[in-house]
Amino acid sequence: MLQDIHNGKANTSLLALSCFATTEKAETFYANLRKAFKNVDISIGDSLSEGILSNEDGRKTITSSNGHFDFYEYEGCDLNKSFQITKNLIAKEYEKG
Amino acid sequence: MRRVEGYDIQYDFSSFRKIADLIYFDGPLLSHFVSSKGDDYLFYWVDRDERDNRWMVVRVSLANLQKYVGKELSLRELIETPNDGYLYFVDVDNDIHYHDVKLVQPSAVPEEYLPEADSYYEFEPTPADDADELMTYELTIPYKERNHFEEILHKIGFPVSTLKKVVSQAAIF
């Protein structure tokens with residue numbers, strides 16, 4: 001991704017886990033991203049994973065109006081135990097040529 | 001990544017300054033930059049491989065950019081009508097080295113590199129940390145009057161970029 005490193009403006013968000021407060025908000029956001037970027041699955045993936053975060057797992061940023069927040073995992077946190085992939089978000093109407 | 005038909009050129013983007021990330025998810029995907037001349041550009045992410053991210057760079061008018069953010073224009077409409085009549089493509093590697101800059105006709109852009117027809121803005125912009133100074137001109141001169149205002153400046157040979165700096169400095173002091 002294009003970080004503004006040359007001007008000293010890089011941030012740590014790339015290192016966080018992007019999350020949404022609800023399934024509906026995640027799906028809406030992804031659908032809007034797909035309208036703007038047909039290849040977005042190459043960059044951020046194509047599947048929805050759901051689970052519950054606890055205070056022991058890490059720290060989250062403030063949830064924005066679209067439901068998104070960044071989650072910074074504590075060392076040793078293993079979300080594989082509490083999250084599972086529930087849905088493929090890619091519509092099949094568009095196939096790469 | 002797929003091959004894009006265009007003309008190889010040398011173009012230095014290092015003087016561009018970021019105004020805002022218009023779409024951001026795990027990193028910027030669509031960002032508004034201004035050149036040292038005061039022109040407005042969008043950096044639009046289109047593709048990646050294990051080494052590079054590919055960006056389409058589009059010079060846009062601020063009026064059209066505002067229409068996009070105001071959901072009056074789709075991203076596709078904005079991209080298909082670049083101010084220059086053509087688009088730039090640039091690959092950026094993991095060390096933020098810009099290379100393989102191409103000048104591309106809008107008609108030569110692969111369909112998978114274009115947004116959907118209904119790609120209206122459904123996101124929240126994130127202003128750059130130092131965008132206040134740069135945005136002062138945009139905030140001072142109303143969008144609806146800007147095109148006419150800048151046309152007059154061009155006719156009398158007054159550089160818009162100079163005016164932007166003057167207005168920004170005046171606002172700071």
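**Tour of a predicted two-chain model**

Start in chain A: three strands form an open, antiparallel sheet in the order E1-E4-E3. Strands here are DSSP runs of E, at least two residues, and helices are runs of H or I, at least four, numbered from the N terminus. Two strands pair if DSSP finds at least two bridges between them.

This is a predicted model: local features need pLDDT of at least 70, side-chain atom pairs count only at pLDDT 80 or more, and totals for chains, interfaces and linings use all residues. Residues are numbered from 1 along each chain as its sequence is written, and chains are lettered from A and ligands numbered from 1 in the order in which they are written.

Four bridges join E4(A) to E1(A), antiparallel. Pick A:Cys19; its bridge partner in E4(A) is A:Phe69.

Next, the interface. Here 29 residues of chain B are in contact (C-beta atoms, placed from the backbone, within 7 Å) with 23 residues of chain A. Select B:17-24, B:28-34, B:40-48 and B:52-60: strands E2, E3, E4 and E5 each give two or more residues to this side of chain B. E4(B) gives the largest share, five residues.

Now colour by pLDDT, the predictor's confidence in each residue, from 0 to 100. Chain B averages 83, and 80% of its residues score at least 70. Over B:168-173 the pLDDT is below 50. Where pLDDT is low, the predicted coordinates should not be read in detail.

Overall scores: ipTM 0.78 and pTM 0.78.

Key. Two residues are in contact if their C-beta atoms, placed from the backbone, lie within 7 Å.
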